[in-house]
Amino acid sequence: LCQNGFGNPSHGSKWPSVFYVFGCVGFIWCLAWFFIVFDSPAKHPRIRFSEREYIESALEREAEEQGQFYDSKSDNEKIPLRSIFTSWPVWALIINYFCGIFGYYGLLTCLPSFMKDVLGFDI
């Protein structure tokens with residue numbers, strides 16, 4: 001950024017500034033997320049008691065309608081990794097993603113030589 005700058009085109013290319021801008025925006029967003037967002041209304045330090053009670057009662061009602069149990073104090077919800085990784089749809093997504101990325105990078109690495117050797121472009 002110091003070498004290329006932001007504004008004066010006579011000093012060269014300005015494309016690196018895009019990465020600095022989006023990196024700073026992402027960093028600020030991350031900091032805001034860590035200070036504003038909490039796991040549950042019960043853990044939020046700046047929420048009014050009435051608002052917290054309203055949100056938790058709405059979540060409890062919704063859980064009861066779905067035949068589930070809502071516990072606002074629960075921290076140890078276990079992720080069912082065994083059932084996730086033995087699921088056929090999950091393996092279909094993993095294989096699909098692998099094949100798509102494999103094909104994309106194959107095209108990405110071979111395309112310049114194809115354009116030079118077959119199509120005759122001066123690269």
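**Helices and surface patches of the predicted chain**

Leu31 is found in helix H1, which spans residues 16–36, helices being DSSP runs of H or I with at least four residues, and strands runs of E with at least two, numbered from the N terminus. The model is predicted, so that local features need pLDDT of at least 70 and side-chain atom pairs count only at pLDDT 80 or more, whereas totals for chains, interfaces and linings use all residues. Residues are numbered from 1 along each chain as its sequence is written, and side-chain values use heavy atoms, with hydrogens and water left out.

The protein chain contains four helices and zero strands, in the order α-α-α-α along the sequence. Of its 123 residues, 7% count as buried, that is, under 20% relative accessible area, with exposed meaning over 50% and partly exposed in between (1.4 Å probe, protein chains only).

Leu31, at 36% relative accessibility, is partly exposed, and belongs to a nonpolar surface patch together with Phe27, Ile28, Trp29, Trp33, Phe34, Phe35, Ile36 and Val37. The accessible area of this patch is about 1,100 Å², as given by the Shrake-Rupley method with a 1.4 Å probe, where for residues only the protein chains shown count as cover.

Glu60 lies in helix H2, residues 49–65, and is partly exposed, with a relative accessible area of 36%.

Key:
Patch = residues over 30% accessible without salt bridge, like charges linked within 9 Å, V, L, I, M, F, W, Y side chains within 5 Å. Salt bridge = Lys/Arg side-chain N within 4 Å of Asp/Glu carboxyl O.
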